[in-house]
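Please keep the sequence and the model open beside the text as you go.

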Amino acid sequence: MSTTVPAAAGEVRAEADRQDAPAAAPARRQRMTDRARKERNLGWLLAGPAFVVMLSVTAYPIANAVWYSLFDFRLTDPDGRSFVGLGNYATILSDVLFWRQFGVTAAITVVTVAVEFVLGFALALVMHRALFLRKSVRTAILVPYGIITVVSAYAWQYAFTPAYGFVNPLFGSDLDWFGETVPSLVVICLSEIWKTTPFMSLLLLAGLAQIPSTYIEAAKVDGATAWQRFRKVVVPNMKGAIMVALLFRTLDAFRIFDNVFVMTQGANGTETLSFLAYRQTITRVMIGLGSAVSVILAVLVVLIAFLFIKGFKVNLAEQRGA
Amino acid sequence: MSAGRKGQVWWIVGAVLIIVYALVPVAWIVSLSFKAGDDITNRKFWPTEWSFENYLIVFRSDLFTTALRNSVGISLIATTISVVLAMFAAYAVARLEFPGKKLLLSLALAITIFPIIAIATPLFNLWRTVGLYDTWLGLIIPYLSFSLPLSVYVLSAFFREIPWEMEQAAQVDGATPLQAFRKVIVPLAAPGVFTAAILTFFAIWNDFIFGITLTSSEAARPVPAALAFFSGASQFSQPTAPIAAASVIVTIPVVVLVLLFQQKIVAGLTNGAVKG
């Protein structure tokens with residue numbers, strides 16, 4: 001069991017410091033010992049292949065996308081290819097549809113992450129406190145995590161489809177869920193929440209497990225109510241875990257694609273930015289325009305990560321133990 | 001004491017609710033897969049009569065069986081290579097000091113946050129040019145690159161917890177370095193490697209974006225993509241129930257792995273993300 005309990009934040013920091021120390025000392029670099037050189041060579045020998053594989057499939061396509069985004073280029077008309085500079089970006093950013101899709105993507109992200117955070121916290125608390133059934137809960141909760149997103153999307157879609165779903169009869173409604181924008185988005189969000197809350201709750205559970213029980217006991221002795229203990233002791237002590245969970249889920253939600261593809265194919269104004277990139281490049285073979293959408297999407301994701309790291313002062317390197 | 005016990009009752013109620021929450025959608029798709037004929041439109045949760053018809057339709061359709069073969073083959077190959085490469089890299093990260101270590105971890109982090117679709121669309125172009133479009137290799141390569149960060153994080157978290165001094169202790173006791181490694185370190189590292197393999201397998205098995213952007217035929221199309229294009233046995237029948245059956249079939253490996261290795265998966269998931 002001890003392996004499942006992550007080290008306290010302080011411990012991770014100490015470890016990071018220890019690792020940084022030798023590299024930071026210039027004296028050591030000057031008279032690099034045989035041993036150090038051997039270690040460096042071995043390090044590169046071992047890490048090199050993974051590094052090359054990771055870099056080769058990402059760096060080139062990204063550079064390629066940036067390059068193509070500067071052209072008016074349609075796959076079915078290769079001869080008509082012409083350089084348009086930032087024209088594609090201007091086209092996209094001045095398009096009402098793009099901003100609508102940006103809004104839809106942002107709305108899905110905010111709603112799912114907010115609900116998942118509250119629900120995930122509740123789940124984590126139950127898993128932390130329930131002595132009986134603990135193992136069954138952990139097993140059950142991993143099922144949504146492991147299930148293919150496409151399958152989860154179908155399950156939720158069929159449940160809400162008027163012709164075969166059990167949801168409408170259950171609530172005595174006859175709403176055509178996939179006939180309008182908001183109900184469609186509700187179902188898309190529900191399936192996303194169901195599928196990814198387990199990930200959130202497991203990260204939060206790991207954070208809960210980090211809190212020394214003596215802190216909570218001490219607060220109890222001092223007469224703090226359960227809510228006060230939660231706000232003043234529990235939350236501040238698992239800030240790292242909360243930030244990592246929120247950051248990763250936000251980035252993930254912003255890239256939402258599978259659910260939309262299966263449930264609505266982007267119909268009724270449910271198109272998201274990832275779906276737009278797909279449709280431009282693969283369906284419409286507008287390589288130039290699609291590449292520009294991809295680049296914009298990538299920039300937005302990097303921006304979100306940056307804002308999170310700056311705004312919440314998460315040290316990801318520390319969290320990752322780098 | 002009685003207050004504590006009363007508290008436990010509520011936690012147990014919560015636990016039962018969570019189990020229901022997690023399993024109802026699964027039960028629903030299972031139930032749907034056993035509905036035959038008009039049952040599919042009766043809008044009830046359970047079928048009035050359980051039938052295997054949909055499973056027969058699914059297994060008789062080449063579309064699904066080839067996709068299943070593609071998925072199993074591609075996932076297993078990519079998982080194996082990914083975990084082996086990650087094992088070496090994670091050992092280096094956890095144990096050695098070398099310039100560029102930070103760069104490696106930063107690259108891995110950058111890939112984790114990057115939108116897959118932004119890579120998939122340029123790859124679509126590139127793979128068409130070099131002839132990897134719609135092939136197994138054309139999927140395995142991007143899967144490797146995208147699963148490596150996860151495997152490296154999970155494994156380096158595990159490797160850090162191994163008491164490596166034991167290796168030296170064994171050597172002092174007269175074991176050769178290779179013996180020491182094999183007898184002491186390998187048994188300690190194996191559970192971590194195994195966990196990384198399961199998580200990697202889940203990630204690859206779940207992929208949809210590469211599956212639909214980098215394939216165009218049965219030659220390489222994996223199950224999630226095939227499911228989205230599945231049209232059933234006949235052009236005239238609703239494919240809903242067969243899709244449900246196919247969904248159940250591809251969910252079985254996941255559920256089996258979860259049931260068998262629940263504790264390991266939780267450990268890997270949280271260690272890799274929070275601590276990695």
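1. Two residues are in contact here when they have heavy atoms within 4.5 Å. In this predicted model, the contact between the two chains takes 102 residues from chain A and 100 residues from chain B.

2. The size of an interface is often given as the accessible area lost when the parts come together. For chain B and chain A the buried area is about 9,400 Å², and carbon and sulfur atoms give 76% of that area. The count of salt bridges between chain B and chain A, by contrast, is 0.

3. The C-alpha trace of chain B spans about 75 × 70 × 35 Å along its principal axes.

4. The UniProt record, which is an unreviewed entry, lists residues 9-30, 72-91, 103-124, 136-159, 184-205 and 241-261 of chain B under "transmembrane region". Two of these spans can be checked against the model: residues 9-30 of chain B are 100% helix and 0% strand, with end C-alpha atoms 31 Å apart, while residues 103-124 of chain B are 91% helix and 0% strand, with end C-alpha atoms 27 Å apart.

5. For chain A, the unreviewed UniProt entry gives the label "transmembrane region" to residues 42-63, 102-127, 139-157 and 285-309. In the model, residues 42-63 of chain A are 100% helix and 0% strand, and the end C-alpha atoms lie 30 Å apart. Residues 139-157 of chain A are 89% helix and 0% strand, and there the end C-alpha atoms are 25 Å apart.

6. Rolling a probe the size of a water molecule over the atoms shows where empty space is left. A search of the whole structure finds 3 cavities of 30 Å³ or more, and the largest cavity has a volume of about 1,200 Å³. This largest cavity is lined by 44 residues, of which A:D252, A:R255, B:I116, B:A203 and B:N206 are the closest to its centre.

7. What is the lining of the largest cavity made of, by class? The lining has 26 nonpolar, 10 polar and 8 charged residues. Helix α6 of chain B, which covers residues 136-161, gives the most to the lining of the largest cavity, with 7 residues.

Definitions and conventions. Residues numbered from 1 in each chain as written. Chains lettered and ligands numbered in written order. Predicted model: local features only at pLDDT ≥ 70, side-chain atom pairs only at ≥ 80, totals over all residues. Heavy atoms only, no water. 1 Å grid on protein atoms, 1.4 Å probe; cavity = no way out; pocket = protein on both sides within 12 Å on 5 of 7 lines; lining within 4 Å. Points joined across faces, edges and corners; volume = space filled by probe spheres on them. Helix = DSSP H or I, 4+ residues; strand = E, 2+ residues; numbered from the N terminus. Nonpolar A, V, L, I, M, F, W, Y, C, P; charged D, E, K, R; others polar. UniProt positions renumbered as here; feature names shortened; annotations may be inferred. Buried area = accessible area lost by both parts, 1.4 Å probe. Salt bridge = Lys/Arg side-chain N within 4 Å of Asp/Glu carboxyl O.
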